[in-house]
Amino acid sequence: MTTTSPSMVHIKTTVNGQVHELLVPPYMSLLDTLRELIGLTGTKEGCLDGNCGACTVSVNGRIVDSCLVLGAEVDGKEVDTIEGMATPEGLHPLQQAFLEEAALQCGICTPGFLVAAKSLLDNEPSPSEGRIRHWLAGNLCRCTGYDKIVRAVQKASTQ
Amino acid sequence: MVATYDAKTDYKVVGTNPIRHDGLDKVTGRAIYGGDVTVPGLIWGDVIRSPHAHARIKSIDTSAAEAMDGVYAVLTHADFPVVDEREIEAGEDIVNLKRDQSNIMADDKVHYKGHVVAAVAAVDRNTAQEAASKIRVEYEVLANVSDVDAAMAENAPIILESLVGDHLGEDVPNTNIARIFRHEFGNLEQAFAKSDLVIERTFSLSMVHQGYIEPHNATVIWAEDGNITVWSSTQGSFGVRAQTAGMIGVPETRVKVNYVEIGGGFGGKTKVYLAPIAALLSRKSGGRPVKLVMDRTSVFEATGPAPGGKIRMKVGVTREGKVTAADTDLIFESGGYPGSAVGAAAMCVFACYNWPASRITGYDVLVNKPKSAAYRAPGSPQASFAIESVVDEICEEMGFDKIQFRLDNAAHEGTRRGDGVQFPRVGLEECLRAARDSDHWNSPLGDAPAGKARGRGIATAYWMNGGGKSTCDLMLQDDGTVMMNEGSADIGGTRVSIAMQAAEVLGIPAEDIRPSIPDTDSIGFTGVTGGSRTTYATGLAAYTAAHLLVDELKDRLANLWETESGKIDFADGVFSSDGQSIGIQELAGKLDPTGGPVTSTASVNPSSAGAAYAAHICDLEVDLATGKTDVIRYTAVQDVGKAVHPQYAEGQIQGGVVQGIGWALNEEYFITDDGAMANRSFLDYRMPTSLDMPMIDTIMIEVPNPLHPYGVRGVGEVPICPPLSAVVQAIHGATGKRYYELPVKPGRILEATNGD
């Protein structure tokens, strides 16, 4: 028997509730799978080495840096991205709070912060300031100094 | 002549906090940034970079890359046209086209590690990467210089052999010092002789990076008719147009730059790195759209950091607490090519005080590190660190109150900056008084937990703010909505702050203005979003265009009302004359009989802008066993002129403060002996995280800028300046030691406190 690496990997994954069946190159990150193959560019590339958090998405309810996960790894899994956060009924309270509290400046880190903050509030509805700062420490923002981001999460957590 | 205004006081829109127009797209992932751009038929480019800090390129073998399946084009410097040493303005930098062309792709020498040597275009990103890795470059490695002392030493390796230095007006070949210049007034010797105390210190700083989260990117099509279309993350589309056209040798008007959202810049995205490469790759690939996205290592190694260097600082005072004289040498690293922020540093360094005599000597010095670029108030943070550290030391030595001493010597209206510029109305004294009266300054520092020590620091700073060219078009719609085109890249909420100024004139809600940022073919020239100029200058264009719109509507209404336009008043969105009145939005639907749609356009070019001053207070705690520092309370006082959108004005201050704290405590280019940056990732180049920071309190003082009808001053840059010294003086307060080298990282604190 010979072993050859396949040129493409067949996956079936659910992204924001919609099933996608794809052939992905074995080296392709989840980030590029989302951006290049599915066309969801709301997840951002900042560093490609898991240090900025701009590419944060949720896989089976757990947040990951999608630049450090292979597209092939999400076969059979549920992926949630920034594009799935608002519903036909309106924005998620975090999105609304980010707007009202001016918690974004350039906005490149915003999708990652929102996805990360949502996963915090999904599990802990009323986190302390310290807990928010600790949870979001994997997401870098260079514009805001974090003050208004933390306040926006605090605001959303009381709603 | 410079127009001056008595600022309006009764605002309806200015001073409120509407939700920014582009906000929804940015919280839902819809906003299109440069890296998100895709075009039918898109192919990808990649580059190879020098592994050496200083080397001569002996040969480049591209044959293996060219032979690969899926490769469309390979590019070296030989593919670039020969351009003259022409200088063009690029916002906060001057760009020398020939040298910048060599900076974005090396000619016969590499000047720093990470310097681009060749590029490829291929069917996808992975193939492009693989092809680039097959390019073979033979180097003759040269001795490198990685700091200003080594660069200025006798017999130092010469980095740019064609450079003729300008040393106080004298042409000097074979040098790494590109420029020495001096600003001097008063009799320095006599003034120092009248001093009761003279302190002289030398400070060292490392390069630091702007640290924007979005890497540089460019997508370019060079079509068969010679027209070039660019999408690229930038602080100014017209700057991309000028630099790209200049480096590839085509007329500027052949290049159209489409606006894309920008993921942070802080000065670093006024420079162009990728668009000319993508353009030439596109032409060599038969007009295919070519996209390049930089990786993070390359952003650190090869895009503009802020200069490090050395600052010698000598200051005299009398025992009565008046400054007598100041003398400084500002020795800044320009990086691999000439042109650091030392010129701006020289304008800022002494601008907080009213000196009887001063001398400022600036040195622009090449080193084998990336070419420096603008970073938020370029040059001022370094200068503020040095002068404010010496002032702090003087105050402690002489027993002066640190705020009263600054008030007694503060620059004010009529004071001359060190290079001769005279100030109009400025707000430094107001900032200092607000700091003195603040809750923070009047609250005790509190006791540190066991094993820790607390300290408090205060520092001030100045930034001159920019004016310059901006354009705004307004188009009134039948339903009373006003479409707005303006040319400024929106990095932090300027669509809304510009729209609000038009809304204020028109007396309509900010939400009824719909701002767009068009491509360079579709809007009048507008300079970069930099120099804290955007809300000021593009806002002035919006204000002016709104007044033109009102004037036109008065003419139209004069027809309808059968009166003269001069007899029609306009206030708070309502036209009135002889007992008749109509709101502007109601009138909008009735214009057809008067000649159809009403539009206006305004271009402005304010030559001066009105200075920004800030005073910051920092409390922190040092762990005496580990040297780790935690900022526990921070208050930034700043004269903002008039906060158009207070939330976003405050956000600028908070963001600048945290960058300044990072500069003081953590951030540096750690350079190895062979000239490589050792900490070239976000993991190792440690920028502040949410966990490191407290809330950042602000006190916004509004001393109206006489150069703007609403008193607006630039806000964005000066807040990065005071933290360097405020933090370090607070560490001095906690540890009892003085620190003259940045960053004051745990190791430096432990070295200083060893045995205490």
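Biologist: How many residues of chain A are in contact with chain B?
Modeller: This is a predicted model. In it, 44 residues of chain A are in contact with 44 residues of chain B.

Biologist: Which elements of chain A give two or more residues to that side?
Modeller: Four helices of chain A do: helix 2 (93–100), helix 3 (110–123), helix 4 (129–135) and helix 5 (147–157).

Biologist: And what classes of residue are on the side of chain A that touches chain B?
Modeller: That side of chain A has 24 nonpolar residues, twelve polar and eight charged.

Biologist: Switching to chain B. Into which domains is it divided?
Modeller: Domain 1 takes in 23–31 + 468–604 of chain B. Domain 2 of chain B takes in 423–466 + 608–753.

Biologist: What distance separates their centres?
Modeller: Over C-alpha atoms, the centres of domain 1 and domain 2 of chain B are 37 Å apart.

Biologist: How many residues are in contact between the two?
Modeller: 16 residues of domain 1 of chain B are in contact with 19 residues of domain 2 of chain B.

Biologist: Which helix gives the most on the domain 1 side?
Modeller: Helix 16 of chain B, with five residues. Helix 15 (494–506) and helix 16 (534–561) of chain B each supply at least two residues to that side. By class, the side of domain 1 that touches domain 2 in chain B has five nonpolar, ten polar and one charged.

Biologist: Staying with helix 16 of chain B, what should its 28 residues span?
Modeller: At 1.5 Å a residue, helix 16 of chain B should span 40 Å. Its end C-alpha atoms are 39 Å apart, which agrees.

Biologist: What comes just after helix 16 of chain B?
Modeller: B:Glu562, which takes a positive phi of about 50°.

Biologist: New topic: helix 7 and helix 8 of chain B. At what angle do their axes cross?
Modeller: Helix 7 (residues 237–248) and helix 8 (residues 275–284) of chain B cross at roughly 55°, and their axes come within 9 Å.

Biologist: Is the crossing of helix 7 and helix 8 of chain B left-handed or right-handed?
Modeller: The crossing of those two helices of chain B is right-handed.

Biologist: Which residues make the contact?
Modeller: Helix 7 of chain B brings B:Val240, B:Thr244, B:Met247 and B:Ile248. From helix 8 of chain B come B:Ala275, B:Pro276, B:Ala279 and B:Leu280. The residues of this contact are seven nonpolar, one polar and no charged.

How values were computed:
Residues numbered from 1 in each chain as written. Chains lettered and ligands numbered in written order. Predicted model: local features only at pLDDT ≥ 70, side-chain atom pairs only at ≥ 80, totals over all residues. Domains from an automatic or database assignment. Contact = placed C-beta atoms within 7 Å. Nonpolar A, V, L, I, M, F, W, Y, C, P; charged D, E, K, R; others polar. Axes fitted to C-alpha atoms, helices over the stretch in contact; angles between N-to-C directions. Left-handed = near helix turned anticlockwise from the far one by under 90°. Expected span 1.5 Å × (residues − 1).
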